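Good morning, and thank you for joining. Please have the sequence and the model in view.

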Amino acid sequence: MNAVLRALAGLALIIPAAAGARPLEVTPAKAKATATQAKAATKKAPARKASAKKAGAKKTAKGAATKAAESAPEPVIVQTADTNRVARWVGSSGDNQKLPYAIIDKNDASLSLYSASGKLLDKVPVLIGIARGDEATAGVGTKKLSEIGPAEKTTPAGRYLAKFGLAFGRERVLWVDYATSVAIHTIPADSSKKERRRERMLSETPEDNRVTFGCINVPKAFYAQLLRPQFQKKGGYVYVLPDSKPIEEVFPRLRVEAVKEASLTAH
């Protein structure tokens with residue numbers, strides 16, 4: 001009996017304390033802040049999802065474009081005999097080291113672009129150095145444009161590992177030979193109107209395509225859509241064919257390839 005009375009007394013003490021407890025207060029300002037945070041979180045979640053979706057779509061589109069370029073049929077292009085000869089040698093020997101490559105025929109004023117696997121992607125007209133010649137003048141790369149004489153404005157022949165880098169004015173170009181300041185880029189925006197570079201590039205004859213100080217100018221769309229995507233990651237090789245020297249002097253390996261081809265033909 002005493003135990004029951006003690007229990008009832010304890011319950012009587014607990015009930016008033018519970019009844020006197022105050023509920024958690026939520027002020028109007030605090031409620032408004034909480035609602036704003038919830039709304040912001042709701043808006044941010046779809047934004048993050050949309051951003052991730054956009055990045056994924058961009059990556060997929062890039063991969064699809066690369067795959068399409070590789071699987072597309074080779075364009076019907078008429079190459080010069082020398083370009084074909086160098087292309088066969090590079091393709092059979094793997095001289096390009098699994099990198100994309102370009103062959104520039106100065107006599108034809110053209111550039112042929114190949115993928116790392118040796119697929120011909122396109123051929124375009126180019127503008128090259130004013131002077132004929134396959135050597136660069138010693139120290140020409142350190143001279144100002146105004147100091148370069150007419151006979152020094154050559155596009156040197158040879159095999160070059162080309163990579164993208166910055167040029168004067170922070171312009172990004174594909175450096176063919178940094179030491180002699182020879183690069184591949186589009187027609188400069190500040191080029192003289194008297195030079196008529198665009199008209200020269202579009203003309204049917206290669207005779208008027210000699211107008212630069214030594215660099216190789218290419219069409220803008222080709223540069224953006226094909227050349228830059230191929231070379232921007234690891235660079236690639238550029239083979240500039242001679243206009244004065246024998247081609248075997250510039251590319252000695254062609255002699256070996258000629259012997260191999262003759263041997264196969266004989267058998």
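A word on terms to begin with: helices here are DSSP runs of H or I with at least four residues, numbered from the N terminus. The model itself is predicted.

Just after helix 3, Gly94 adopts a positive phi of about 70°. Helix 3 itself comprises residues 81-93, that is, 13 residues. From first C-alpha to last it reaches 18 Å, close to the 18 Å expected at 1.5 Å a residue.

Which residues of helix 3 are buried? They are Thr83, Val86, Ala87, Trp89 and Val90. These residues lie on the same side of helix 3, because they cover an arc of only 165° around the axis. As a general point, an α-helix has 3.6 residues a turn, so residues three or four places apart point the same way. On the face turned away from the buried side we find the exposed residues Ala81, Gly91 and Ser92.

What do the buried residues of helix 3 pack against? Their partners are strand 1 (101-105), strand 2 (110-114) and strand 10 (236-241), together with helix 6 (247-250) and helix 7 (253-266).

Let me turn to the nonpolar cores. The largest has 23 residues, and Leu111, Ile184, Ile216 and Phe231 have the most contacts inside it. Helix 5, residues 220-231, gives the most to this core, with four residues. Beyond its neighbours within four places in sequence, Phe231 is in contact with residues including Pro100, Leu113, Phe164 and Val238. A second, separate core has 17 residues, among them Trp89, Tyr101, Tyr239 and Leu254.

Terms used:
Residues are numbered from 1 along each chain as its sequence is written. This is a predicted model: local features need pLDDT of at least 70, side-chain atom pairs count only at pLDDT 80 or more; totals for chains, interfaces and linings use all residues. Side-chain values use heavy atoms; hydrogens and water are left out. Helices (H or I, at least four residues) and strands (E, at least two) are DSSP runs, numbered from the N terminus. The expected span of a helix is 1.5 Å times one less than its number of residues. Buried means under 20% relative accessible area, exposed over 50%, partly exposed in between (1.4 Å probe, protein chains only). The arc is that of the directions from the helix axis to the C-beta atoms. Contact means heavy atoms within 4.5 Å. A nonpolar core is a set of buried Ala, Val, Leu, Ile, Met, Phe, Trp, Tyr and Cys residues joined through side-chain atoms within 4.5 Å.
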